[in-house]
Structure formats: C-alpha cells, structure tokens
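I opened the model today and kept notes as I went. The entries follow the order in which I looked things up.

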Amino acid sequence: MHADDILDEGDLERVEEEKALGEDDVRDRKLELKEIEELLLDLNHLSQAQKKRKKLEIEKDLKKIEKLPEEEKEAMLKEREKTARINLAKKIARQRMKDSAGLREVPHQFEDEAQYISSFSPLYFREAQAQIQRCKDSEMAKTTEQVSFHALRLDPPFVKLELTRSKEACGVALYSIHDLVLLTQGQDLTQPHDTHLLGLVDHSVSQVVHVTVFVDMADTTPGSRMKEAANLIAQRANWYLAKVTSFSTLIREYEGLKAMPEIFLKDTILNREELADGGDTGFEMQAASALEVGAEPALPKSEETLHLPEAIESWLQQRYNTSQQNAIHDSKKVSGITLVQGPPGTGKTTTVLGILSVLLSATATQAQAVSYSRIASGQQKASGDDGDDSASEDEGEVEQRQLERVRLLQARAPWLRASYVPFSDESWQEVSRPGSEVQRLPFPKVKEASIKNMSEIRHNIAPQKVLVCGPSNASIDEVMRRIVKDGCVNEVGERYQPPMIRMGPNAHPDLQDFSLRTLVEKRMQAGCDTPDFQKKESERTRLLKNSRLICATLSISGHRDMVGFPEDFDTVVIDEASQGVEVSTLVPLKLGCRRLILVGDPEQLPATCFSEIAKAHHYDRSLFQRLQQTQYKVNMLNTQYRMHPDISKFPSANFYEGNLLNFRDKE
C-alpha cells in the first residue's frame, strides 16, 4: 500500500515548512527582538493562559541570557533566532495548507441547518482521513489473510463482495460491522502494491465476510488502479485482507450531522437569532401555525421549568453550595441547553448526581390547548433565554409560508373556505316551522362536570428517559461508580439507586452487573427455552424500557440498540462535554432529546482532533466551547475543595480570571 494513498498532513506540513525555510523572505530576513519574541510565542493551539505563561518563561530566559558572557550570550541569541525562524516557516506552512484546502472556518452562529451541515461536512472528511492515516501507522494489522471470491452485487458506484475466509483465519481475527479493511493483491504490507481498495465490512457470518468497496466505473484508463481492481473483481480473483480500524464512531457522527434538521434543539445549537415578529397575522394564521404537522405549542412562561418536591429542594440547600445549586436549578428547563463548567476540585461529578436526582424526581405538565403564538415553536429558541428579535426571511418567503399555513388550516377546517356551505343550510335539512313542537323543545344542556377548559388538558413533560453520555468509557464509568457509591435522592428525600443500564462492550469489570449485554445473557441462561435472536432483542427492549437511567459513550449512543429503541431519550446529560468535537455531541441528540445538559471545562483537556487543517478551521471546538464563546449562559462551579489555597491561586488567575474560590478560606 502506498503511503500517498491517504495524505499525511504531517508530511505535507514538513514539505511546506522546508519550502518556506528555503525562501529568501524567511532565510535572509532580519528578525527584530520583539518579532523573535512573538514568533517564539506562536505555538499552535496555545490558549491565552498558556501563552501568558510562555511569555513569562521567555522573559525570564532573556534576563538570564543578558547576564552571560558575550560569546555565550551571542550563541544563545542566535539559537533563539533560529527557533523563531523555524516557527515563522511553520506559520507560513500552516497558512498555505489552510488556504489551499479551500475550506471555511466553523462560525459561531449559523443561519440554518444547511449552512451547519455544509460547514462541518468537509472538515469531517478531513478529520476522517487523518484518523485513517493515524490508524494505518499505529493500529492496522501487520499481516494479511488470503480470502477467496464468493459472490458480488453491483450497487454503482459501489460493489458488494462476499469473500470466504479460511477456518484458521477465523480463529485468529474477527471482523465486525463498519470495520475499515484493506483489500490488496500484495501479501506483504511493508511493500507497496498498485492494486488495492479500501472497503467497509457490512457483516461477517461464519467464514463469509461481506465487504463494500468503491469502484470508479467511469475510470477506463488502461493500467489505472481502479481499472485493474475492476478487472480483477470481474475475473473473480482472490484478495489479501487486513483490518485498518473500526469506522463505527465516524459513521455515527456523520449520521448525527445529517440528522441535524430533525434534532429538536437545532435552533439553540444553530445559535441563530429569533425570527422577528412580523405583526398580527390573524386568527387563521395563528391557528394554522399550531396545526402544522410536527409543530409543538409554545410553552407557557409559568411552565418553563420542572417542579421539584420540597424534600429535594431541602436536600439541595443542605448538600450543595450556591454555585452548584444554581447549576442544578438551571438544569430544570423543560427544554433547552444548560452549560455547567466544573474547574478542578469543584465537585463536578457530585453536581451531576444532584442533576440526576432532580431529573428523576421532577414533575411537570404542559397544556395541550392550541397556542396562538405568532412565532411557531420550531422558530423559537429552545434555550429559554432572552434575545433580540431579528428578521431572517424576506417578505416573499414569509407570505409563501403564510399561504401554506392557510391551505393547511383550510384542509383541516373546511368551514374557513369561501365555498363552504354549513350543514345546517343544506337543502335536505328539515326546518321547523314557527310554533311547532320541535321548536319549543329546550336545547339539551351539558352537565357542568363534563365541561373542561382547553388549558386544563395537560400531559406529562417531566423527564422520562435520562441518557448519560461521555466521550470515553472512563468518563461514563466514573459517573456510574459515584451513582453506585452515593446513589441519588428520591422525591421524599431518601437515597436510592435508580434502575441503571450501561450500554456498550467496554464497561469496567466492577460495573459488569449493569451491562446490558451481561443482563441479557443472564436472562437468557435463566430461561428454559433455547435462546434465539428474537428473544434477545425483546429482552433488550424490555430492560431498556424498565430503566430510566441509561449510560453510554457518545459513540455507543448511536448503536442500533439505542437508535432502534421505540421510546425517546428526552433528556441527555453529557459529562466531560468539552472533550468531544461538536459533531460527536449530535449523536445522542437525534434520539428525541429535548433537554441537554453539558458538563465540562474547556480550560482542561480539549476535544481530540487529528487533522491539523480541521483544527485550523475550529473543527476541534466542542459545542460547549462554541456556545460559551457567544456569551451563552454558563453555570460555573466556583468553589474548589481539592487544592491548598496557595496552589489554587495559579489556575484561578491564569484560567478562571480569579473567580475560583477556596472552600478552606471559608472555614
């Protein structure tokens, strides 16, 4: 396999850097002392606090250099200038790579779902390429196995192959759905071979593995890689097979990105301004808005937050400090996004337990009556925070939308049509004559107990399913351990362990009793009948229905067990939310999420991103970070319990603008 099949951004940057170093403007340019200092600080992706520290280090080193003998001083200054020149070349190389990529930076706000998807998609593919390159070097199988051709099915531009493995190979390596594999005509992976394809495993049963490959049928160039591969497939040739990596996470992230138009919280995620009030559109327009397919009535102001039992309120006041209580109370939104920033030692996981206790004990109802709000619920911010209205549609679009709503209303309310004839005016209706017995009969009275105000028709909107996610297995296991150890608090103020299930195959051994896979296997073993696939599926569904608290990584939340579950996960809590790129956060949101709580700290570990080009366009920014940068409300936990006050001074001053308080100071 050629190293050039998937371009290594590191190699490209080094080539551009060498070019820049050889240019006169970089090689012979005289650098002033201030410019050298700026270039020494120009390290990729340093935060402002890190640059501040680095600047202090440079100034300290410079003072030391000034005290050295003249020869040593000159040598040290030349070394500093050399480093600055290399940094200048790197800066030029990065900018050239960024410009040549032809990509757009991820903005803070988006006009609509189309702009959101078009902004993230090219950067997503860049990151996917970088991950493949990384796995090729670190994770890919070192040896191949020979597979024989069994069958094929054309699905242009894709070809679906059925390949047969040997029994010996089946005992050595396993292939799963969404595994990325290499098909090549060369057995030795250390040697380049011109004929090879990347494929995606559809499924593997017994000795047969089903692989989908891309073949450019339009490429008829003699001797080209695609032409040779197509000829070999037509000749039913054998191949050598090797696994590169699992592609499941990337595929689920892409599915989450494409599902953006269907995500309930999309308006808050897009971070766009509310549509301007276009004036009174009249009763017909207002009612039509509420009758639209999929439209939700606007939430009454009095019901924007969940109701808590008195025992929970009392427990919160006794157990949590003011900043923790504020974060927990902000999580009571009926719908919207809550940001909770937890610096080191501020009780972030303890606060998560409080949030879970509130969500599992809260109650709320919402009127089902028609809302006559001028702004459709789909056009309102789900966050519930105030914002300035701004027009986002021209008059033509508004008029067209209004006409469509009127047509819809007329279809459902035919008495609004101009040609409508009331049933009482139909020619076949018998009309009673004056003085007749029929006319003298009193109108039937409806009993007062049978009359119900429309605003009193309500349904439960309290959290039904709470999905706790994190970017890694470790983050989820930590939350689960605390739930097992400390438990939650119910509506009467008593501690209990809520029914909880851990999704995914990599749960910690201490938490295997909560694993869905383990629970299903135990139920199957306890049964008298021979277990089968259908019974396992029904048992999985039953266990998920009986558990209000589900724990999974962001990736696993896109697994078929979750996506195929018939009920919505209306509440999602994401721990360490700042450690995942934004598209990874979308994976659980497509499961019917109306209430999202992001818990994390952008000042600690950043999101993992391997593509330097994607980083340069802010693809490595988390949803938490993007919303925070647009002045979205952030609930910061401001009291730390872990560090000595003398130690906490540094992170407080350099990362939290001096707002990090010490619990010990209050003793």
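**Ground rules**

I am working on a predicted model, where local features need pLDDT of at least 70, side-chain atom pairs count only at pLDDT 80 or more, and totals for chains, interfaces and linings use all residues. Residues are numbered from 1 along each chain as its sequence is written, and side-chain values use heavy atoms, with hydrogens and water left out.

**Whole chain**

I began with the secondary structure. The protein chain has 24 helices and 19 strands. Helices (H or I, at least four residues) and strands (E, at least two) are DSSP runs, numbered from the N terminus.

Next I looked up burial. Of the 667 residues in the protein chain, 43% are buried. I use buried for under 20% relative accessible area, exposed for over 50%, and partly exposed for in between (1.4 Å probe, protein chains only).

I then checked the surface. The accessible surface of the protein chain is about 36,300 Å², and 50% of that belongs to carbon and sulfur atoms. Accessible areas come from the Shrake-Rupley method with a 1.4 Å probe; for residues, only the protein chains shown count as cover.

Contacts came last here. Taking contacts between residues at least 6 apart in sequence, 74% join residues at least 24 apart. Contact means heavy atoms within 4.5 Å.

I started from strand 1 (residues 145-155), which pairs with strand 2 in the antiparallel sense over seven bridges. Two strands pair if DSSP finds at least two bridges between them. The hairpin from strand 1 to strand 2 passes through two residues. I found Phe149 opposite Leu163 in strand 2.

Which residues of strand 2 are on its covered face, and which on the uncovered one? In strand 2 (residues 158-164), Val159, Leu161 and Leu163 are on the covered face. Phe158, Lys160, Glu162 and Thr164 are on the uncovered face. In a regular strand the side chains alternate between the two faces of the sheet.

I followed strand 2 onward to strand 5. Strand 2 and strand 5 run antiparallel, joined by seven bridges. Leu161 has Val211 as its bridge partner in strand 5, and Phe158 has Phe214. Strand 5 is mostly covered, with five of its seven residues buried.

Strand 4 (residues 196-205) also runs antiparallel to strand 5, with six bridges. Gly199 has Val213 in strand 5 as its bridge partner. The hairpin of strand 4 and strand 5 has two residues between the strands, and there Ser206 takes a positive phi near 55°.

**A nonpolar patch**

I noted Met217 in the loop between strand 5 (208-214) and helix 8 (225-234). Met217 is partly exposed, at a relative accessible area of 44%. Together with Leu152 and Leu154, Met217 makes a nonpolar surface patch of about 280 Å². Patches are made of residues with over 30% relative accessible area and no salt bridge; like charges are joined within 9 Å, nonpolar side chains (Val, Leu, Ile, Met, Phe, Trp, Tyr) within 5 Å. A salt bridge is a side-chain nitrogen of Lys or Arg within 4 Å of a carboxyl oxygen of Asp or Glu.

**Cysteines**

How many disulfides does the structure hold? I found zero. Cys469 is in no disulfide, and the nearest cysteine sulfur, that of Cys551, is 8.5 Å away. A disulfide is a pair of cysteine sulfur atoms within 2.5 Å. Cys469 is buried, at 0% relative accessibility. Cys135 is also buried, at 5%.

**Loop residues**

Is Pro471 buried or partly exposed? Pro471 is partly exposed, at a relative accessible area of 32%. The loop holding Pro471 is between strand 10 (466-470) and helix 17 (473-486). Not counting residues up to four places away in sequence, Pro471 touches Leu554, Asp575, Glu576 and Gln579. Pro471 and Ser584 are 113 residues apart in sequence, yet 8.1 Å apart in space, C-alpha to C-alpha.

Ser547 is in the loop between helix 19 (533-546) and strand 14 (549-553). Ser547 is buried, at 6% relative accessibility. Leaving aside neighbours within four places in sequence, Ser547 contacts Lys465, Pro499, Met500 and Ile501.

**Helix 24**

I finished at helix 24 (residues 645-655). Its buried residues include Pro645, Ser648, Pro651, Ser652 and Asn654. Just after helix 24, Glu657 takes a positive phi of about 50°.
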